[in-house]
Amino acid sequence: MHKHVGLLYLSTESKRLLLILNDQKWTIPTFSVEHNVIEDSKNIQTKYAEGKILPIELYTSKDNGFEYGTFVCLVDKEFSHVPVNTYCWADFMDLPKNLHVGLKTTLTDNLVRTKLDTILELHDAVII
């Protein structure tokens, strides 16, 4: 089974998420998320153990040959770590048209949206 993870950076200040323009994997540049193979993601596993990263979805293909976990990492403010033309901070209601099909399915899923809204609400409640 191929196991992968995707990491969404979500700003608690702006309530927007970081999308990366990935033009190396697909023929049409497509917005996706930072991703790693689970076995190679010690940094993600460490942050997860510290409670800084929260799981929001686990997708398994019908033939059980592919598994993809989506996690969210809360950050206070939007940041940039790549040139401006290769990323964007996007609002849930205004996602880019060239969004990766799997990510689009995740971000438009009502349960995932509810989880993200709840995470932000709980964060705000703890801060106030």
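Let's start with Leu116. Leave out residues up to four places away in sequence, and Leu116 touches Leu10, Ile56, Val72, Phe92 and Leu107. Keep in mind that this is a predicted model.

Now, which residues have the most contacts inside the largest nonpolar core? They are Leu19, Leu107 and Leu116. That core has 17 residues. Several elements give two or more residues to it: E1, strand E2 (17–22), strand E7 (87–90), helix H2 (101–107) and helix H3 (110–127). The largest share comes from H3, with four residues. There is also a second, separate core. It has ten residues, including Leu7, Leu18, Ile53 and Cys73.

Step back to the whole chain. How many helices and strands are there? Three helices and seven strands. Read along the sequence, the pattern is β-β-β-β-α-β-β-β-α-α. The chain has 128 residues, and 35% of them count as buried. Its accessible surface comes to about 8200 Å². Carbon and sulfur atoms hold 55% of that surface.

What about contacts along the chain? Take the contacts between residues at least 6 apart in sequence. Of these, 66% join residues at least 24 apart. Leu103 and Leu8 are 95 residues apart in sequence. Their C-alpha atoms are 10.0 Å apart. Leu103 sits in helix H2. Is Leu103 buried or exposed? Its relative accessibility is 8%, so Leu103 counts as buried.

Next, strand E6. This strand covers residues 66–75. Seven of its ten residues are buried, so E6 is largely enclosed by the rest of the structure. Thr70 is in this strand. At 4% relative accessibility, Thr70 counts as buried. What does Thr70 touch, not counting residues up to four places away in sequence? The list is Gly6, Leu8, Leu54, Pro55, Ile56, Glu57 and Thr106.

E6 has a partner. Strand E5, residues 53–60, pairs with E6 in the antiparallel sense. The pairing runs over seven bridges. In E6, Val72 is the bridge partner of Leu54.

On to the rings. The structure holds four aromatic pairs. I'll show two. Tyr9 and Phe79 form an edge-to-face pair. The centres are 5.4 Å apart, with 90 degrees between the planes. Why does this pair tie together parts that are 70 residues apart in sequence? Because Tyr9 lies in strand E1, and Phe79 in the loop between E6 and E7. Tyr9 is buried, with a relative accessible area of 13%. Phe79 counts as partly exposed, at 28% relative accessibility.

The other pair is Tyr59 with Phe66, and this one is tilted. Here the figures are 6.4 Å centre to centre and 55 degrees between the planes. Tyr59 is partly exposed, with a relative accessible area of 43%. Phe66 counts as partly exposed too, at 30% relative accessibility. There is a cluster as well: ring pairs link Tyr9, Phe79 and Trp89.

Trp89 takes us to the last stop, Ser11. Not counting residues up to four places away in sequence, Ser11 touches Arg16, Val75, Asp76, Lys77, Glu78, Trp89 and Leu120. Where is Ser11 found? In strand E1, which covers residues 2–11. Ser11 has 0% relative accessibility, so it counts as buried.

The Ser11 side chain reaches the backbone nitrogen of Ser14 at 3.2 Å.

To recap. The largest nonpolar core has 17 residues, with Leu116 among those with the most contacts inside it. E6 is largely enclosed, because seven of its ten residues are buried. And Ser11, in strand E1, is buried at 0% relative accessibility. That's my tour.

Methods
Residues are numbered from 1 along each chain as its sequence is written. This is a predicted model: local features need pLDDT of at least 70, side-chain atom pairs count only at pLDDT 80 or more; totals for chains, interfaces and linings use all residues. Side-chain values use heavy atoms; hydrogens and water are left out. Buried means under 20% relative accessible area, exposed over 50%, partly exposed in between (1.4 Å probe, protein chains only). A polar contact is a pair of N or O atoms within 3.5 Å; within protein, one must be able to donate a hydrogen and the other to accept it, and residues adjacent in sequence count only if both atoms are side-chain atoms. Contact means heavy atoms within 4.5 Å. A nonpolar core is a set of buried Ala, Val, Leu, Ile, Met, Phe, Trp, Tyr and Cys residues joined through side-chain atoms within 4.5 Å. Accessible areas come from the Shrake-Rupley method with a 1.4 Å probe; for residues, only the protein chains shown count as cover. Two strands pair if DSSP finds at least two bridges between them. Rings of Phe, Tyr and Trp (its six-membered ring) pair if their centres lie within 6.5 Å; planes under 30 degrees apart count as stacked, over 60 as edge-to-face and the rest as tilted.
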